[in-house]
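Subject: Structure handover

Hi,

Here is the structure I promised to pass on. Please have a look at it first, and then read my notes below.

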Amino acid sequence: MEANPRSTGRLPAAFLTPGSSSFVDFLAQHAPEALPGRRELPQGKGVIQAPHGTTIVALTFPGGVVLAGDRRATMGNMIAQRDIEKVFPADEYSAIGIAGTAGLAVEMVKLFQLELEHFEKVEGATLSLEGKANRLTTMIRSNLGMAMQGLAVVPLFAGWDLNRGRGRIFSYDVTGGRSEEHGFSAVGSGSVFARGSLKKLYREDLTEAEATTAAVQALYDAADDDSATGGPDMARRIFPIVTVISDEGYRRLTEAEAMEIARSVVDGRLEHPDGPRAAVL
């Protein structure tokens, strides 16, 4: 009689057989219940109430790309969390910002990080930025069933393209449809206001300092008109998460750096509540 692998502490043969370099494909074959989109939801009517993350912005500059997000999570008309983290490193040269159902989004990010690490260990090389964006497409599409029940995840993916030598931004819809964005982009409930802000502030020759400030300005404008987006909270010392990805890799601004940018933006709004003025011509 064959011994049960779990009782002997040994891994089944399938786990020791070389196969796909995709960890997600491996899970789908051997443990599909471990994938977020493969789980069954309890029967019920109406949209499930769960904490949602909101606004994420990204913009490129000559030396890289900035990805930033506010810190508020909401559940209906309530603030579920004031200091949630919505921007994460995907690997050394890319990052992902999440909007949508917070719990599923964070789980998807962790799975995506593992997917990229698994590929690198199996293949002995890193995926191209385009390849990473394609892998994320597959993961989002697998969550379509959940999205149809109100548990959508809509990320914004950005990174430094080692082959092209520049920063790139990719946006997605709930079906996994992918689009490359040029210059800047935003997702989440406050994205329409953030995108309008960046449309006025963005220039192709921005420095890194100007790009990070523009990102915080855009998040401030989103928070000004969207109740689900949180602005800089000076009293609680809660500031947007701002990251920079360049040829030197991923870097998250320290709390002191983020506070300095947020304070300069807030101080400027005391003089001009609607933000910096853009030239008419």
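A search of the whole structure turns up 16 salt bridges, a salt bridge being a side-chain nitrogen of Lys or Arg within 4 Å of a carboxyl oxygen of Asp or Glu. Before the details, please note that this is a predicted model, in which local features need pLDDT of at least 70 and side-chain atom pairs count only at pLDDT 80 or more, while totals for chains, interfaces and linings use all residues. Residues are numbered from 1 along each chain as its sequence is written, and side-chain values use heavy atoms, with hydrogens and water left out.

Salt bridges

D70 and K86 meet through their side chains in a salt bridge of 2.6 Å, N to O. D70 sits in the loop between β3 and β4 (73–75) and K86 in the loop between β5 (78–81) and β6 (87–91), so the pair ties together parts that are 16 residues apart in sequence. (Helices, H or I with at least four residues, and strands, E with at least two, are DSSP runs numbered from the N terminus.) Both D70 and K86 are buried; buried means under 20% relative accessible area, exposed over 50%, and partly exposed in between, with a 1.4 Å probe and protein chains only.

R168 and E180 form another salt bridge, at 2.8 Å from N to O. Here R168 belongs to strand β9 (residues 166–172) and E180 to strand β10 (residues 178–181), so parts 12 residues apart in sequence are tied together. R168 counts as buried at 2% relative accessibility, whereas E180 is partly exposed at 25%. R168 and E180 also belong to a network of salt bridges that links them with E130, D161, R164 and R178.

There is also a salt bridge between E210 and R203, whose closest N and O atoms are 3.3 Å apart. E210 is partly exposed, with a relative accessible area of 34%, and R203 is partly exposed too, at 39%.

Aromatic pairs

The whole structure holds three aromatic pairs; rings of Phe, Tyr and Trp (its six-membered ring) pair if their centres lie within 6.5 Å, with planes under 30 degrees apart counted as stacked, over 60 as edge-to-face and the rest as tilted. The ring centres of F112 and F157 are 5.8 Å apart and the planes stand at 80°, so this pair is edge-to-face. F112 lies in helix α3 (residues 102–123) and F157 in strand β8 (residues 153–161), so the pair ties together parts that are 45 residues apart in sequence. Both residues, F112 and F157, are buried.

F184 and Y202 have ring centres 5.5 Å apart and planes at 55°, so that pair is tilted. Since F184 is in strand β11 (residues 184–187) and Y202 in the loop between α6 (191–201) and α7 (208–225), the pair ties together parts that are 18 residues apart in sequence. F184 is buried, at 18% relative accessible area. Ring pairs also link F112, F157 and F170 into a cluster.

Helix α3

With its 22 residues, α3 reaches 32 Å from its first C-alpha to its last, close to the 32 Å expected at 1.5 Å a residue (the expected span is 1.5 Å times one less than the number of residues). Its buried residues include M108, L111, F112 and F119, and F112 itself is at 0% relative accessibility. Just after α3, G124 takes a positive phi of about 75°.

How many residues of strand β2 (residues 56–61) are buried? Six of the six are, so β2 is largely enclosed by the rest of the structure. I56, A58 and T60 point one way from β2, and V57, L59 and F61 the other way.

Strand β3 (residues 64–69) runs antiparallel to β2, joined by six bridges; two strands pair if DSSP finds at least two bridges between them. A hairpin connects β2 to β3 through two residues, and the bridge partner of L59 in β3 is V66. β2 also pairs with β11 in the antiparallel sense over four bridges, where V57 stands opposite A186.

In β3, six of the six residues are buried, so it too is largely enclosed by the rest of the structure. Six bridges join β3 to strand β12 (residues 241–246), again antiparallel, with V65 opposite I245.

Best wishes
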